[in-house]
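Colleague: I have a model open and would like to go through it with you. Could you take me along one of the helices and then into the core?

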Amino acid sequence: MSNEASGANARSADAGNLGYLALGLTLLAYGILGTGIFSGTGLKDAASVAHLVGGLTLFVAGLWQLRSGDGFTGTAFTGLGAFWATWSTAGGAGKNAAALFLLLWALLALTLTLAGWKAGLIGRLIYGLFTLSLVLSALGVLNSSGGLGKAGAWLAAVAGLAAWYSATASLTESGWGRALLPTK
């Protein structure tokens with residue numbers, strides 16, 4: 001059934017907030033569990049969150065954004081959804097393969113940082129910190145350095161907070177009819 005026949009308008013719905021919430025929660029889980037602040041936890045514990053919330057939800061939100069004509073967030077969310085889905089299932093990768101994987105995805109994050117530069121400080125924080133997080137994580141894997149890995153995890157957590165904050169600011173503005181949280 002077409003959108004016109006059902007009365008629905010696909011262009012009126014925006015999945016950007018859902019995507020940024022999914023990205024924020026996934027980065028927070030990945031980051032916090034990677035820091036080791038919770039005893040007995042690590043990055044592998046974030047795999048199910050990464051697969052379902054980061055992978056599936058981001059990918060679907062990205063497809064929705066692409067369908068509505070938003071090429072930037074559509075590309076960001078589908079690309080990052082693919083990253084999280086792959087990361088969550090690649091537990092047996094060797095050290096060099098894991099580092100290469102992280103560095104290649106850092107290129108996507110860098111592309112998103114540069115492409116979204118004019119979108120504002122929060123967007124630069126999200127994608128810029130995620131880029132640095134992936135690079136530090138890759139270097140930590142290559143050098144068997146837990147310190148670099150933890151630094152990358154902290155950056156991922158801060159990027160996750162920025163993504164969560166962005167979505168929360170947008171949702172509260174929509175719900176309250178005015179800006180409650182500053183975004184500039």
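Modeller: Leucine 114 has its place in helix H5 (residues 95–115), helices being DSSP runs of H or I with at least four residues, numbered from the N terminus. This is a predicted model, in which local features need pLDDT of at least 70 and side-chain atom pairs count only at pLDDT 80 or more, while totals for chains, interfaces and linings use all residues. Residues are numbered from 1 along each chain as its sequence is written, and side-chain values use heavy atoms, with hydrogens and water left out.

Colleague: Is leucine 114 buried or exposed?

Modeller: Leucine 114 counts as exposed because its relative accessibility is 58%; exposed means over 50% relative accessible area, buried under 20% and partly exposed in between, with a 1.4 Å probe and protein chains only.

Colleague: And which residues of H5 are buried?

Modeller: Those buried in H5 are Ala99, Phe101, Leu102, Ala106, Leu108, Ala109, Leu112 and Thr113, and their cover includes helix H4 (71–89) and H6.

Colleague: What does alanine 99 touch?

Modeller: Leaving aside residues up to four places away in sequence, alanine 99 touches Ala138, Val141 and Leu142, where contact means heavy atoms within 4.5 Å. The C-alpha atoms of alanine 99 and alanine 138 are separated by 4.4 Å, although the two are 39 residues apart along the chain. Alanine 99 counts as buried because its relative accessibility is 1%.

Colleague: Switching to H6, what span should it have?

Modeller: Helix H6 (residues 121–142) has 22 residues and should span 32 Å at 1.5 Å a residue, which agrees with the 31 Å between its end C-alpha atoms; the expected span is 1.5 Å times one less than the number of residues.

Colleague: Where is serine 144, and what is its phi?

Modeller: Serine 144 is found in the loop between H6 and helix H7 (146–176), and it has a positive phi of about 50° although it is not a glycine. Most residues other than glycine have a negative phi.

Colleague: Last topic, then: how many residues are in the largest nonpolar core?

Modeller: The largest nonpolar core has 36 residues, and Leu23, Trp84 and Tyr127 have the most contacts inside it; such a core is a set of buried Ala, Val, Leu, Ile, Met, Phe, Trp, Tyr and Cys residues joined through side-chain atoms within 4.5 Å. The elements giving two or more residues to this core are helix H2 (16–35), helix H3 (47–67), H4, H5, H6 and H7. Not counting residues up to four places away in sequence, the residues that tryptophan 84 touches include Leu23, Tyr30, Leu58 and Phe130.
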